[in-house]
Amino acid sequence: MMHTIKQYAHVFWSMLRADWIGYKKMIIGACIDSAIVNALFIFSAGYIFPSMGMQSSYGLFTAVTLIVGVALFDVWPFVAEFVADITGSKTILNLCTLPIPTWLVFTERACSFATKASCLSITSIFVSKLVLWNTFSLMTLVSLRFVIFFICMQLFIGFFSLIMAALVKDMSRIGMVWVRIVFPLYILGASQFPWLALKSFSPYVAYAMLLNPFVYLMEGMHSIVLGTDTSLPFSLCLGMTILNTIVCAYVGITMLKKRLDLP
């Protein structure tokens, strides 16, 4: 049993390392692109919007949101690459011949994307500090609960991406991922406003939005940095994120195995 586990771990790590050899060629450019987008959003929210009457804290709110947001924005290119492979060369089938279970191959895909997306989120943190300076304290992120939530958040996004890849039939419909699914979930997922603000507007809509897994990602990060007075409880967000990750992993892997006619 232990020998089998070690073999699986060795193959899994080798696959992850191979992915990062490819990522090294593009990760710096991806982080630079992410930094530019972050800087523009945070500068507007932190300095221009307050001059128009917006609360001065909105810049910090936006900065915290983008820690999650930049990873979600990267779902689209990941899905595009995955779908191109599924409908084209099908190298994923070659990976499924390795001496590990099929579900572990797809788990590696999700974890691989999660590690890449983590780089973008970390870039966002440092850009937020540079743009907002004293308004954004890195000390709020130096905690065990941030590390745990950050890891769970990235894993959720990785497995969520598997579902998106399974839903797209071909490259001609790749825009569906962003326009029909990710963007609506993002906008209504407490990215532009706290969940409590939505509740004050319409409790019915707010409680319905608790079905949106993005709400727990955003509110969990807001809770860590901004406090629970304006956010959902951290324990609720962490618990729901873990649950949603498990659900996405099961559904995503099952859908992909069915699509590729794998056992």
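This briefing covers the salt bridges of the structure and the surroundings of one histidine. The model is predicted: local features need pLDDT of at least 70, side-chain atom pairs count only at pLDDT 80 or more, and totals for chains, interfaces and linings use all residues. Residues are numbered from 1 along each chain as its sequence is written, and side-chain values use heavy atoms, with hydrogens and water left out. The whole structure holds 3 salt bridges (a side-chain nitrogen of Lys or Arg within 4 Å of a carboxyl oxygen of Asp or Glu).

**Salt-bridge network**

- Side chains of opposite charge can pair when their charged atoms come close.
- Asp-19, Glu-108 and Arg-109 are linked in a network of salt bridges.
- Asp-19 pairs with Arg-109 at 2.5 Å, N to O. Asp-19 lies in helix α1 (residues 2-23) and Arg-109 in helix α6 (residues 102-132), so this bridge ties together parts that are 90 residues apart in sequence.
- Helices (H or I, at least four residues) are DSSP runs, numbered from the N terminus.
- Glu-108 also bridges to Arg-109, with the closest N and O atoms 3.3 Å apart.
- Asp-19 is buried, at a relative accessible area of 16%. Buried means under 20% relative accessible area, exposed over 50%, and partly exposed in between (1.4 Å probe, protein chains only).
- Arg-109 is buried at 18%. Glu-108 is buried at 0%.

**Asp-74 and Lys-116**

- Asp-74 forms a salt bridge with Lys-116, and their closest N and O atoms are 3.7 Å apart.
- Asp-74 sits in the loop between α3 (58-73) and α4 (75-87), while Lys-116 belongs to helix α6, so the pair ties together parts that are 42 residues apart in sequence.
- Asp-74 counts as buried, at 11% relative accessibility. Lys-116 is buried too, with a relative accessible area of 12%.

**His-222**

- His-222 is found in helix α11 (residues 213-226).
- The residue His-222 is buried, with a relative accessible area of 0%.
- The side chains of His-222 and Thr-65 make a polar contact of 2.9 Å. A polar contact is a pair of N or O atoms within 3.5 Å; within protein, one must be able to donate a hydrogen and the other to accept it, and residues adjacent in sequence count only if both atoms are side-chain atoms.
- Leaving aside neighbours within four places in sequence, His-222 is in contact (heavy atoms within 4.5 Å) with Phe-61, Val-64, Thr-65, Ala-190, Gly-227 and Ser-231.

Terms used
Helices (H or I, at least four residues) and strands (E, at least two) are DSSP runs, numbered from the N terminus.
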